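This report describes how two protein chains meet in a structural model. Please examine the sequence and the structure shown here before reading on.

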Amino acid sequence: MKNTIAQRIADFLKDFPPFDGLNTQECYKLSCEVEVVYLPKQKILFNQGDSTHPHFYVVNQGLVDLKLNLQNTSKLIDVCDEGDVMGLRPLFADRTYAMQAIAKTDVMLYAIPFEEFKPFLNHEAISEFLLRSFASNQRQPDDKSNKGVLLSANLTTNEAESVNIDFFQQINFTPKPFCTYEEEAIYKVARQMTDLGISSALVAKENIPVGIVTDKDLRRHVATGKIALQAQVSDIMSTPVFCVEPTISVAQAQIMLIQHQIGHLCVTQDGTMESPIVGILSEHDIVTAQATNPMALLKAIKRAKSIDDLKKTRGYLGMMLKAYLTTDLPISHCLELTEGIHQELFKKCAEFSIKEMSEQPPCEFTWLFLGSQARGEQLLMTDQDHALIYEDVQDDMKEKATSYFLKLGQKLSEALEHIGFEKCPANMMASNPEFCLSLTEWKHLFTKWIKSPTQKSVLLCNIFFDFKGVYGENDLEEQLADIVFNLLKNDDKFYAYLGSDALKNPPPLSFFKQFIVEDDGEHKNEFDLKARALMPLIDGARVLALSKEIRVVQTVERFKKLAELEPQNAELFNSCIRSFYELLHYRSSSGFTHQHSGRFVDLNTLSKHDKSKLKYLFKPIKSLQSALKSRFNLTYFS
Amino acid sequence: MAWINFRKNRKNYPEFWKSYLNTIKDKSSQVYVAFDCETTGLNPKVDRILSIGAVKLTRDRIYIKESKEWFVKQHQDNTESIKVHGILPSTSSEATYSEEQAILEFIEYIGNATLIGHHVNFDCAMINQSLKRLGAGQLKNRKKDTNTLYKTKGHFANEQNFSLDKLCEVYNITSSNRHTALGDAYITAQVFQKLIL
């Protein structure tokens, strides 16, 4: 006799994916295993970082907010309502939740145990649903409503294609895996596996897979004493081996591992068990391949053996960012991640370059990044801006040091170019003898720029004042900063130069609140987002920060510090931060979407809503510029 | 010498009741059982149980797997009372349990859980009558009545009573499958969860 409650749950579920792929009986059977969860308003279902539950959830009634917590702020990612599925993380082999789920209203949820759901994973409709879930990494792949997107149409035109890439990319398996044969003694294989540091060994007969031995088999059969160490591998191996084609995608591989509850797949030439082995694929490979996992990226960088490996990881980073931006993750999070990953990437770059040199550096040095790279505000691939500073050495060493570091600078620049950062057209690179200097030489250079300013030197200062050490364990960066701040102290004349330079771009909106567009050139009638909106904020922050001896270089951090120091202006600075984030997000997303720098915006493609949004974001720029004018007495300058 | 009688009686209890008395000694259970009886009428003395529906729950979870419904076979003589009350067991053809089987399983099922019901005293009285016919004692579980809880919570006058439908309306609970024992038990469980918060 049927259970009426279960029947009712089944009636509800069958209308929503993925359950619409089940037949009536299966759906009923699954419904019998459901636990009905009542969650009063404001109560938390799971927290970001909590270990995953044995159930996933379907909303029956009410609304659940999915939130992402970053430092002290929390960002709403999505709202789940009736029929939405959430908490599928455990299927992704993740052990913790990536978001917080909190009841927005009183909520009734159906908790469905994974154990009971797993038998249905091989249903085509269900695995397809999951594939798409993997792809969008969101709760409901069918949902096209794009809730919570800031700038409506522009960001999402390419959505489907852009997010999918990293999940459907082909997976990098381990080629030419270690193979043994059936008659081999167990202890010998165990020793070989230990020596090679691997957790599994394929068993093959003339390169055709017949089985696999894993740590688990050794533990289960041998460590328990059931089978002797001298016995043959064939006594403990798992057979048959699950085989796949070399072209398998990350998502497919992951689903196979889950379906069969196994840890390894054997890659064969045509994907059958009768063809020769070409590689092995483990859960570990999947984790590394998951470009949405920054930890995996960092690990991959640490393990990189060549510049080529680094290039690959930078590629993954690009895909990851693209996916993040389209899923509307907070830009601050993207910036933080990119900065962290770039830092590792450049460090590794430096290590490789030094290794290529015939000898160790003759003295301490620091590799500095300049401009937007130093500020950590570069999401897109841009050109490289960097310099090198080394200790003052005695005269007899000087020549050697100069030539060594110049050569190193060239190598660094080439390495960066190989990864994908184009060389700087203005030649602001450590490979340029002008910018590969000892501490004293830098001091002279900055003195020249600051004490006898010209238009060009102010321009250079704007780039060179934002510097950040990426490689080198010493205080050269600190010393250079000391020099700069000493030079700047009370130099009103130079601040006036800097200030007026920050004002060189008129406010983005004309007197009649119209966008000011380019008059001529390639981008005629397009709006220059970088020069007119972002640069005024960045430059303004720099001048103000320098005048207050604030040493951080990131624009947002500068505004934050300024807000602390001048509580009376905190509101202005905070609105600058907001605008800066939004504009940067806008630029990066449109850059990723259209494969360009995102610098110019064609106003005709903007919806009315977007235009008013942009105008709103420009407001603080005007206020900031007026503040600069009055602070540095600039009126007569411009 | 009442206590001797008591001892004597206790010895004559059927086995299932003895083991129930053992179970009920442990008062620490956090489990609740919401249940409902469909009966031939409203007088426990003469009317019979047609079906019992029950679900297990905790404060925030209802376990569907642990839900159960017993349809009780009716004897000739009380089909009369069905006619009198105009209530026909809609599922009479599915009735597969004798009264004894149903009660035995129900007692085993509830163990030492706290019983939840809407007008729970009536449902307990129905069960107690059946227990009496089987030579057992009365239910000793703790009880919570959703009607009483709601009145306490809302400071309503004691004379005022609220139907389960009314509570569903107040708490926005979808009330399909009303008037089947299991359906009502499930709804009562949901009402209870909202009441105790």
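## Strand pairing across the chains

In this predicted model, Val36(A) stands opposite Ile62(B), a residue of strand S3(B). The strands concerned are S1(A) and S3(B), the latter covering residues 61-71 of chain B, and they pair in the antiparallel sense over three bridges.

## Extent of the interface

The size of an interface is often given as the accessible area lost when the parts come together. Between chain A and chain B, the buried area is about 2,000 Å². Carbon and sulfur atoms give 52% of that area. In terms of residues, 23 of chain A are in contact with 23 of chain B.

## Charged and polar contacts

Two salt bridges are counted between chain A and chain B. One of them joins Glu33(A) to Lys65(B), with the closest N and O atoms 3.1 Å apart.

## The side contributed by chain A

Which elements of chain A each supply at least two residues of the side that touches chain B? They are helix H1 (4-13), strand S1 (35-39), strand S3 (55-61) and strand S8 (107-113). H1(A) gives the most to this side, with five residues.

By residue class, the side of chain A that touches chain B divides into 14 nonpolar, five polar and four charged residues.

Definitions and conventions:
Residues numbered from 1 in each chain as written. Chains lettered and ligands numbered in written order. Predicted model: local features only at pLDDT ≥ 70, side-chain atom pairs only at ≥ 80, totals over all residues. Heavy atoms only, no water. Contact = heavy atoms within 4.5 Å. Buried area = accessible area lost by both parts, 1.4 Å probe. Salt bridge = Lys/Arg side-chain N within 4 Å of Asp/Glu carboxyl O. Helix = DSSP H or I, 4+ residues; strand = E, 2+ residues; numbered from the N terminus. Nonpolar A, V, L, I, M, F, W, Y, C, P; charged D, E, K, R; others polar. Pairing = 2+ DSSP bridges.
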